[in-house]
Amino acid sequence: MKSIRGYFAVALFLSCTIVIFGFGVRRGRGDLTMASYWRQQLLKQQNNTLAVNSTVCPATSDVDTTKIFSQMNFQASWIGKKYFWHSEDFDFQSRHETHQQLITRNRNIVQVFILPHSHNDPGWRRSYDEYFIAQTRHTLNNAVEKLTTLPKMTFIWSEITYLAKWWKTITPKMKEQFINLVEQGRLEIGTGGWVMPDEATGNLYSLVHELTEGQQWVNNHLHTHAKYSWAIDPFGHSSTYSHLLKASKINGMVIQRLHYTWKHWLAEHKIEEFRWRPRWDTSGEFEIPCLTLPFDLYSIKHACGPDPQVCLKFDFRKVAFEYGENYGKMTPITKSNVKKLAPEIVTQYHKTASLTNHNVILVPLGDDFRYDRSIEWDQQYSNYMELFSYINSNKDKFRMEIGFGTLRTYFEAVNKLENKSAKRPSLSGDFFPYGDVYVSGKPQYWTGFYGTRPYWKKFYREVENELRTAEILFTFANALARQSNRTDYIELLATQYHGLVTARHEFAVFAHHDGVTGTSKYLTMDDYGNRLYFTYRTSINLQSTTMKIIYDITLKKILPTISKDFLRERFDLLPSKIPLEVFANDEYITRVTLFNSLGWKRTELVKVLVKDPNVKVSDSQGRYIPSQINPVFLYDSLHVRVSDRAYELVFFANLDPLTFATFSVRHASREEDDVSVLSTIYCINCTQSENSPFKIDARPQILSIENEQTYLNFQESGLLSSIERKVDGKSVQVSLAFGIYTPIARESGAYLLKPDISSERLFLQKYLPPSILKIQGPLMSQVTTKHFSQLETIQVNTTLFNLSSSANSTLEDQVQSILVETYVDFSQDYSNKAEVFMRLDSELNSTTTQKTSKSEEEEVSVMFTDQNGFVSEKRVQVPSIGYEGNTYPVTNMVYIQDELKKLRLSVLVDRTHGFCSMKKGRLETLIERRSTYDDGRGMSEGVLDSKPTVSSYLLLLESLDTNKVGIDKNDTFSQNQPSIHVHTASLRLNYPPSMFVYNEAVDEDSQEQNVPFLSSPFPENIHLINMRMLSSLTSTVNETRLDDDEILNNMALMNLQYLVDYKSEIGSCHNRSENNESNPRDCPTTSALDATSHFTHLNISRIIPTSLTGIIDQNVNETLRSDNNTGCINSLLHNFKLVFK
């Protein structure tokens, strides 16, 4: 808990989104595509009838969080009293009294389930290992010992990362005891994820990864799977994660931290429990029961009821030499005092029950790192058993049954009642932002962590790309080695798999809600960084190993030593580019090999350093391709110097899906036609050596760059000022600015955000003249502006790509995208407090008119933010809660739009940010955060460990299709989604191709260099989230313990995402029912089964539809369900096990 305390699956639906492409399933002669496989194995069991013209439709829910949140009373008088029970807007006490009378009159019984728990952060104020050694291992040891001897006690455990670490240290007998307790249902596994992840800042891959890693471990070692989810500490909750839980076959979930007004609203309306429904789910097929614990925190103090001081009396932990808030308040329960004390806790439980519609309540009994002392188990158990015995023996008096329970017993009890009475209401949307009042009695918003420690957030995304690529290549290499019976490679990969498993584990740890958030002490953050660096290096090494195996088996080619074109010595250092050695004697050729890990064709601008500017580039067929040489700039306090030791070579690489593509770099003379073209430099204060090949011209008065489709104007500062679309002549003022706010002391820190808006100071202005450079060439043009002082540096590069989209249709997003790269360094300022912002101001009218809580109309800004890279949510400004209350997490993209002009401005990001839109046409985000002071949420230190951070953004100005936007006013889902164009651009930004370089003799030049794994691309609206090998378990006896090692089996888990875009008419169900015609890319069924693309090189014997994490395979009925009334198919996630021969 982050507060000051006294002691410290979706079902797979057969659709075009799944089977529009096939996979090489080899059966005897030839290839059987996945489409044919489905026809033969599944569709014949459905009377040979294919569902066609289905679509994904928007859901209608009882509660829409976006609509309700803006209407709430954020300045209610009860806020100063800290707890909603004291509200003057609604009389909770009177309703409780009425509820009590009804309970007595109707002779109803309140069921109370007490759930002991221990929340174990895998790093926070201590490092991961320090917590494990000092506390966590003792808690798990105690759980086995005490649950064995205390027959009524229950316990829940959710951090599988710690369970896996502990498992390696215990005896076979203790493992057996643990498994027996799980089978008895007294020791419950909550969620089963590797960690309890942050739901605001995690990307879709990372969330799926940590959930898969944990649930696979539980399945392999405990022979079970989690049925219910326990997420009590993430700082706000995402609709994406609730859907991932459903997709992994979780039956119900519990959440805790909600905005203080949500706590009040849900309690007032008696909706502490609801069915969380995705916005596209019309039938309720994918909704999941969700319980929100009604009070502020999961500690005993805040869990038993609305009166914390009463709850403290019933926390019976008392350990020598330890101080707790309960000391002095708590009295052990005895037969002589139970009659006096029991009514106090019973009253709290009845008050809690008055917030529900079913008289069943769940009460957590624990806190951070509880039950690490054996004595606490005895203290809590003996005292509560006395209470249980007295209360249950006086059932008629107290109208209550009470005992220890689990999530399973709670949800089963509620489900029985729901079957007899009204269903839980449905809810769509999310619970961001999170804000509290329990500490100071005034609103404080947990929106700072969206941008805290940006270096770690960016490195996390880079590691994700390397690990994902390694997983895919390892899967391919393992399948090839097995089917070609290469025992040498099979043994090598089996050995390397242990490293991959460890890398998976270390990456998954950072998904923790004090990891990727950046909300741990600086030494813990360094420990996280080193763990990520292990995954980073291991993944790169695995890519190199698997690339060699793949080339040997498929091309019979033995690769020489291969390497990356950069060096990264530590996690906290930016990579340093290594110039390529290009040989002038023609005996050796420099190769550049790229692997495209996406399922579509793409064109990427490749950048490498070379020592010689006189080079040329060719593809694997020996065809020369255009290339450009750019200068490398070196900065000092007065001048900008052009390097004469290194040059930047750039060229466009056309990459097929899931393919290795190789390019050759050779020496060339300036007189050759194919030699790289030198860019032109425009600069005022640049210097270069006499031998420099570049021409330097004076910077023009009007600073601009352009390509075939876009024209950019710049301010005098060198920052963007306007965008003109040549295709339709639309010009929009879009100005970029950078500046700084001063954070308000102790209200802005690692967790919280509270900038002093009046302290705004802009960088890159006239009074602080920056260095401005422009380079122009046939492939790309770029404007660079740099502000630097002794304490701070900001550099901004704005780039346009100069390649005709007509030459290759995959280049459309490349041409229209505006790349903005920032370098931000505040690492030398050890005392400065700063909220550094990047701001885009446009002339788009991105507003709407809405009624306030007082029924007055006001004009407010609207923006759209993605949720974990899955779907997007509409965000409506609430002026009364300020900058901090209107800041939302953005993991991949954010956009604003002008409904009248039919224009949308999107910003795509390569790491998580917090964005807000406080004015019409404005988007703003914090790109660095420094705070001297702790913000009072438990970390107990400021954030001053800034590191130089490079970030990339893509800006896209799109014309919204007038035939699509607004055609269905009831469609609140698909019309808010990005275009497919933006989807693919975002994925390209976050998953750049992996690049390796090597030198080889010229006589090898004639050999084919490309290795494709798809014969044709995936559909543009299908994204390969991941493809990873699954593990089996082998056990070996090692003295007194049994070692369980994960070994490779012959199955891979493949996760696919259906990308919903605003043009796909996903919400227009009524239009489809009237007109049976549709575009195959728009809907999930139609003519998809006739598609022909499939994997190459791989022998796949079976394809098994499965749950998100590969734990529960699906049957035919589950895979072919749809909404019979509308013909809608709602699955956006599709998961398969691929069984290799």
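Predicted model: local features only at pLDDT ≥ 70, side-chain atom pairs only at ≥ 80, totals over all residues.
Visitor: Why is H17 called roughly parallel to H19?
Guide: Helix H17 (residues 454-483) and helix H19 (residues 522-555) pack at an angle of about 30°, with their axes 8 Å apart. Angles under 35 degrees count as roughly parallel, over 145 as roughly antiparallel, 65 to 115 as roughly perpendicular and the rest as oblique. That makes H17 roughly parallel to H19.

Visitor: What residues make up the contact of H17 with H19?
Guide: They divide into 21 nonpolar, seven polar and two charged. Here Ala, Val, Leu, Ile, Met, Phe, Trp, Tyr, Cys and Pro count as nonpolar, Asp, Glu, Lys and Arg as charged, and the others, Gly among them, as polar.

Visitor: Why is the aromatic pair of Phe155 and Trp377 called tilted?
Guide: The search of the whole structure finds 62 aromatic pairs. In the pair of Phe155 and Trp377, the distance is 4.9 Å centre to centre, with 45° between the planes. Rings of Phe, Tyr and Trp (its six-membered ring) pair if their centres lie within 6.5 Å; planes under 30 degrees apart count as stacked, over 60 as edge-to-face and the rest as tilted. The pair is therefore tilted.

Visitor: What parts does this pair tie together?
Guide: Phe155 lies in strand E5 (residues 155-157) and Trp377 in helix H14 (residues 374-393), so the pair ties together parts that are 222 residues apart in sequence.

Visitor: How do you know whether Phe155 and Trp377 are buried or exposed?
Guide: Buried means under 20% relative accessible area, exposed over 50%, partly exposed in between (1.4 Å probe, protein chains only). Phe155 has 1% and Trp377 has 0%, so both are buried.

Visitor: Which class does Asn530 fall into, by relative accessibility?
Guide: Asn530 is found in helix H19. At 46% relative accessibility, Asn530 counts as partly exposed.

Visitor: What makes Lys774 count as sitting over the ring of Tyr682?
Guide: A charge sits over a ring if NZ of Lys or CZ of Arg is within 6 Å of the ring centre and within 35 degrees of the ring normal. The charged end of Lys774 is 4.9 Å from the centre of the Tyr682 ring. Arg453 lies over the face of Trp456, at 5.9 Å from the ring centre.

Methods. Residues numbered from 1 in each chain as written. Heavy atoms only, no water. Axes fitted to C-alpha atoms, helices over the stretch in contact; angles between N-to-C directions. Helix = DSSP H or I, 4+ residues; strand = E, 2+ residues; numbered from the N terminus.
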